[in-house]
Structures are given as C-alpha cells and as structure tokens.
Amino acid sequence: MGSKLTGTVALVTGASSGIGAATARRLAEHGASVALVARRKDRLGVLAAEIELAGGTAAVVAADITDRLQAEDAVQQVVDRFGRLDTLVNNAGLMLLGPVVDADAEEWDRMIAVNVQGLLYTTRAALPHLLKAAEQDPRQVADIVNIGSYAGRVESRGFGVYNVTKFGVHAFTESLRQEVTERHVRVGVLEPGAVESELGTHNKPEVRGELIDPFFEGTEVLAVDDIADGVAYMVTRPRHAAIGELWIMPTEQA
C-alpha cells in the first residue's frame with residue numbers, strides 16, 4: 001500500500017461495482033481508509049475483504065443514496081467509524097438511453113434520482129465534515145470528485161435525459177467549487193467517455209444495439225481502472241494544485 005493518502009478517509013458511492021469498486025481499490029492503495037457505499041451489501045463485503053487482504057482498511061455502508069435520510073445516515077456512519085472524512089467520490093450513476101417519444105418515464109425517474117438527487121444528498125451530508133477536515137490542519141485539503149460523463153458536455157441522439165443529468169453534474173460542480181475553494185475543499189469533475197462498465201447494462205438490448213454499441217465502434221474503450229487512476233491523480237496532487245475538470249477520453253483506432 002502507498003502512503004500519499006495515509007491518515008485520510010474517503011467515501012465512495014456506487015462502490016459495489018465498476019468505476020466505484022476500482023476507485024475504492026486505488027484510493028486504498030494510496031493509503032486512504034475507504035468507506036464503501038452502495039445498496040448491494042454482499043458485493044461491498046467481498047470488496048472490503050479484498051482491500052483488507054491487500055493491507056488496506058475498508059468499511060461497508062449499505063445505503064440507497066437516492067433516499068436523503070439514508071444518504072445522511074451513511075455519511076454519519078463513516079464519520080462515527082473513522083472520526084473524519086477527507087474525500088468524497090460521487091460515483092453512483094445510471095445510464096438509461098432512448099428517444100424522448102415513447103420513453104419509459106419510470107426509467108427517467110430512476111436515472112435522475114441516482115445521478116442527481118443522490119449526488120446532492122450525499123454532498124450536502126458530507127460537506128460539513130469535509131470542511132472540518134480541511135480546517136483542522138492548515139496543511140490539509142479535502143476533496144470532492146464528481147464522476148460526470150462526456151455526455152455532460154456533448155449531446156447525442158437518444159441520450160437526452162442522461163445528458164440532462166450529466167450536464168447537471170458539471171454545472172453543480174462548477175457552482176460548488178466557487179462556494180468552498182477558499183475554505184480548502186477542492187471540487188472537481190471527472191468526465192470520461194466510452195467506458196466499459198455496468199453503467200449501461202440496464203438498457204434494453206435494442207437500445208444497446210442502436211445507441212451504445214455504435215458509440216463504442218472505432219474507439220479503444222476505456223477500462224474502469226483508467227477512471228480510478230484519474231480520481232487518484234486528482235486527490236493525490238499537492239495541496240495548492242487543484243483540477244477543476246478532467247477529461248479521460250479513449251483514443252481512436254486506426
């Protein structure tokens with residue numbers, strides 16, 4: 001295990017799979033104690049055991065962050081366990097695509113709840129603790145990293161409501177940064193494109209065939225570890241160096 005984040009505590013939402021699990025592993029490798037937050041407790045337990053076997057420290061917090069009270073309780077459990085919170089990675093996400101006409105409104109509700117409401121609830125609950133951690137030591141800094149998407153900057157056919165949620169993540173990040181940067185909380189958004197993860201697996205087969213698979217054609221698809229490396233890069237930089245926005249894009253195949 002590394003040491004750049006030794007003595008710090010990181011909370012990762014959506015940690016039961018994909019980018020969240022990879023990010024939790026990477027932060028633990030850098031020495032952070034990692035709180036794993038998601039609904040699937042069994043998967044979190046497996047990941048926690050893996051991290052601890054490798055010499056790290058992990059805590060399992062089963063919660064549905066789209067429920068404000070559960071999000072608040074999850075943050076409090078982390079602070080009660082570790083006594084502090086230094087890093088928040090808002091990773092939990094859902095990508096459900098399709099045309100506006102004949103769209104499934106319930107799917108829209110689910111996606112908005114995860115991608116927007118969950119991020120807002122968790123951030124609001126965590127922010128007082130992050131501010132406290134940054135204020136306790138003049139050499140310390142706290143971090144919020146919001147996992148956005150290429151879709152937060154570039155619109156595509158069939159991505160309509162997903163675009164709305166990720167544009168929202170980008171704008172929220174920019175606004176929050178202006179509120180807390182002078183109080184030594186760094187806020188950044190990481191916006192990847194074409195990542196192979198569980199994010200889009202909930203789409204109907206016909207949607208995948210029409211909208212998702214063509215998007216991946218002609219690109220060297222990113223792995224979840226690439227995104228985890230990006231998060232680690234953002235939070236292990238020197239105190240005075242902040243990254244407001246980081247794009248991680250796949251290279252085009254020849």
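A residue counts as buried when its relative accessible area is under 20%, as exposed when that area is over 50%, and as partly exposed in between. The structure described here is a predicted model.

**Salt bridges**

A search of the whole structure finds 10 salt bridges. Side chains of opposite charge can pair when their charged atoms come close.

| Pair | N to O distance |
|---|---|
| Arg25 and Glu50 | 2.6 Å |
| Arg124 and Glu72 | 3.9 Å |
| Arg177 and Glu174 | 2.7 Å |

Arg177 has a relative accessible area of 18%, so this residue is buried.

Arg25 is partly exposed at 30%, and Glu50 is partly exposed at 38%. Arg124 in helix 4 and Glu72 in helix 3 are 52 residues apart. Here Arg124 is exposed, with 62%, while Glu72 is partly exposed, with 26%.

**Nonpolar cores**

The largest nonpolar core contains 33 residues, and Leu27, Leu190 and Val231 are among those with the most contacts inside it. Elements giving two or more residues to this core include helix 1 (18–29), strand 5 (142–147) and helix 7 (224–235). Another core, of 28 residues, lies apart from it and includes Ala59 and Leu130.

Beyond its neighbours within four places in sequence, Val231 is in contact with Thr23, Leu27, Val89, Val145, Ile147 and Leu190.

Methods
Residues numbered from 1 in each chain as written. Predicted model: local features only at pLDDT ≥ 70, side-chain atom pairs only at ≥ 80, totals over all residues. Heavy atoms only, no water. Core = buried A, V, L, I, M, F, W, Y, C linked by side-chain atoms within 4.5 Å. Buried < 20%, exposed > 50% of the residue type's maximum accessible area, 1.4 Å probe, protein only. Helix = DSSP H or I, 4+ residues; strand = E, 2+ residues; numbered from the N terminus. Contact = heavy atoms within 4.5 Å. Salt bridge = Lys/Arg side-chain N within 4 Å of Asp/Glu carboxyl O.
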